Amino acid sequence: MSGRRTVGAGDLLRLGVFGLRTRPARVVLSALGIAIGIAAMIAVVGISSSSKARLDQVLDALGTNVLTATPVEGFGDSPPLPPTALDSVLRQDDVESAAAVGTVPDGHVYRNPFIPAPETKGIGVLAAWGDVPEVLGGTLGSGRWIDDRAGAVPQVVLGAQAARALGVDHVRADSRVWLGGQWVQVVGVLQPMQLAEDLDTQVFVPRDLATSLGFDGAPTSVFTRVDPERVEQARDVLAGAIRPGAPQDVGVTRPSDALAAKDATDDSFTGLLVGIGGVALLVGGIGVANTMVITVLERRAEVGVRRALGARRRNIRDQFLVESLLLSFLGGVAGVVLGVGVTIVFAVGQGWPVAIPVWAVAGGLGATVVIGGVSGLYPAARAARIPPTSALAAV
Amino acid sequence: MSGQPVLSLRDVTKTYGDVGALRGVTLDVAPGELVAVVGPSGSGKSTMLNIVGTLDRPTSGTVTIAGNDVSAMSDDALSLLRADHIGFVFQHFHLQAGATAAENVADGLLYAGTVRRERQQRAVRALERVGLGHRVDHRPNQLSGGEKQRVAIARAIVGDPTILLADEPTGALDTASGTAVLELLRELNTGGTTVLVITHDLELAASLPRQVRMRDGEVEHDSGGGTASGAAAAVDAAGLALAIRGDR
């Protein structure tokens, strides 16, 4: 008699599959809890990752080397940027390109002359220096950017939302808006600007036209694209370059940081959903344990027969443990399929790339193995304690 | 077919609380015997089956199976002893409902450390031995009661046990199927397997070469001395059965 005889892994697996195969309805119902928990977690992580992947794509396209200089907002009056701000910035070594806009306080734009003056729909008028969309990584949906050379004819480019509000979705020869008491030709319509969403509700005019509307010549925002390797250094010198005497009056921000921060705020919500998924998993684990306890109660005779055939306690314990592991793992696989499916449907619906981290799938399946093991421990131990005489006692 | 007994009980008692289920049983079974343990319910024959099958331990006394003193063995060692030396046949067959006849029979070797391919081959051979070579891939619900019991017998003998224990093997069967199952047990015995049949059926017991009659936890009568075989024993047994029937 060899003392080292064991029931091999293949045989244990076969026993476990057999145990589940003969009770399909129970398997489906008790694996469902696990499946829902895993699906919820995979979907939450997958959707969040896909959203991040989308952001990364956007940031890749837009670049993270754009800096925006504005007058510091604070208590009291902060002095506007000097009219020379753009020129000062362009002289810096680290600056690759720059553009600026200045608010025209009395500039209002309407679809036609018959709209009452107060109905501006929140659309502001900005005087522009240089190629603003190029610096900000924006694109024109149609037409071209304004020609701001001295003496150019009055013309206007519309931000994406402003264009919609003004009823101009596409530039045509007769596209005009009523601006400052005259018809002005629309030469371009912008697409939404990811790095400067506040520009979407604005229209852009050459400085000549702006001046005729009462513009004081002071830019309110200077956009710069700097050497990607020297963003921090550039950030330090910009304020001083714009206002050598009082750099503290100039604030320099990095709009890509704001985008990333907006995405980061979603993380707390993600945490909540993952928590809910965790609760579902816990409940699912309890469901598996419950199912296994009932299974063991029902199968006293089978255990007795197996003991009579020579099964040791550990063989019985292993058999039920493997069954519990398989049950939980099946739920996990179904949950992964479901979660991945939900993520794909959602991401594709949003036009995002699908990004599901491997660690989430592996972690989810690993969790089901742990859950199955823990849930199966007690029922398996109970099964192992069933006395061998049960086969004869049970009818 | 004599020699060292395959099964030996010495002054075996088993008490459950205050109840003495076995009260000093001594019994020897020699290799190749076909023995009926017979008695009414409550006579202690089921307890004896549990103890002979090493499913339960005696309160006192010595049980020796195939030369192994059972009292000194661990639970694991007893399991291995069962896997190697004891085949069980149950009144209610206890087959796995979802598994084929061959799979059920192969389970009889699962805990003996036999590799799967060999288990399957030996299962088919065992089914052929019990006359079910044509039912290898049938599931229990496709088999008659007698066929199920023959599958169970195949499962019990697939590991070539030293002793085959059958607990009321015909108890759940109609007369014809029961006769066929008994005939099979007799054939297996002729082929060299030691068989112990536990039954309350006096007529069945009388048809076997040796009867051990139990009553109130004791052996009331033993028709053989451990070497019984042949026609003389059978005649003796028939006479005994008549005597028992006369008693009741």
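Where in chain B is the place of Asp216(B)? Asp216(B) sits in the loop between β9 (210-215) and β10 (218-222) of chain B.

## Before we start

This is a predicted model, where local features need pLDDT of at least 70, side-chain atom pairs count only at pLDDT 80 or more, and totals for chains, interfaces and linings use all residues. Residues are numbered from 1 along each chain as its sequence is written, while chains are lettered from A and ligands numbered from 1 in the order in which they are written.

Helices (H or I, at least four residues) and strands (E, at least two) are DSSP runs, numbered from the N terminus.

Asp216(B) is partly exposed, because 14 other C-beta atoms lie within 10 Å. The cut-offs go like this: a residue is buried with 20 or more other C-beta atoms within 10 Å of its own, exposed with 12 or fewer, and partly exposed in between, with C-beta atoms placed from the backbone.

Ala66(B) isn't a glycine either, and has a positive phi of about 50°. You'll find Ala66(B) in the loop between β4 (60-65) and β5 of chain B. Ala66(B) has 19 C-beta neighbours inside 10 Å, so it counts as partly exposed.

## The sheets of chain B

One open sheet has 6 strands in the order β6-β7-β8-β3-β9-β10 (chain B), and its pairing is mixed. (Two strands pair if DSSP finds at least two bridges between them.) At the edges are β6 (86-89) and β10 of chain B; each has a single partner strand, so one side of each is left without a neighbour in the sheet. From one strand to the next, the twist averages 20°. Inside this sheet, β7 (residues 163-167) and β8 (residues 194-199) of chain B run parallel and are joined by 5 bridges. Leu165(B) has Leu196(B) in β8(B) as its bridge partner.

Another open sheet has 4 strands, ordered β2-β1-β4-β5 (chain B), with antiparallel pairing. Its edge strands, β2 (19-29) and β5 (68-69) of chain B, each pair on one side only. Strand β1 (residues 7-16) of chain B runs antiparallel to β2(B), with 8 bridges between them. Here Tyr16(B) stands opposite Val19(B) in β2(B).

## Helices of chain A

Now for helix α1 (residues 9-21) of chain A. Its 13 residues should span 18 Å at 1.5 Å a residue, and this agrees with its end C-alpha atoms, which are 18 Å apart. (The expected span is 1.5 Å times one less than the number of residues.) Buried residues of α1(A) include Leu15(A) and Leu20(A). The buried residues of α1(A) pack against α2 (24-62) and α11 (313-350) of chain A, together with α4 (116-129) of chain B.

What about α2(A) and α11(A)? These helices pack at an angle of about 35°, with their axes 6 Å apart. (Axes are lines fitted to C-alpha atoms, for helices over the stretch in contact, and angles run from 0 to 180 degrees between N-to-C directions.)

## Where the chains meet

Chain B has 28 residues in contact with 23 residues of chain A. (Contact means that C-beta atoms, placed from the backbone, lie within 7 Å.) On the side of chain B that touches chain A, α1 (45-52) and α2 (75-85) of chain B each supply at least two residues. The most comes from α2(B), which gives 7 residues.

Note on methods:
Two residues are in contact if their C-beta atoms, placed from the backbone, lie within 7 Å.
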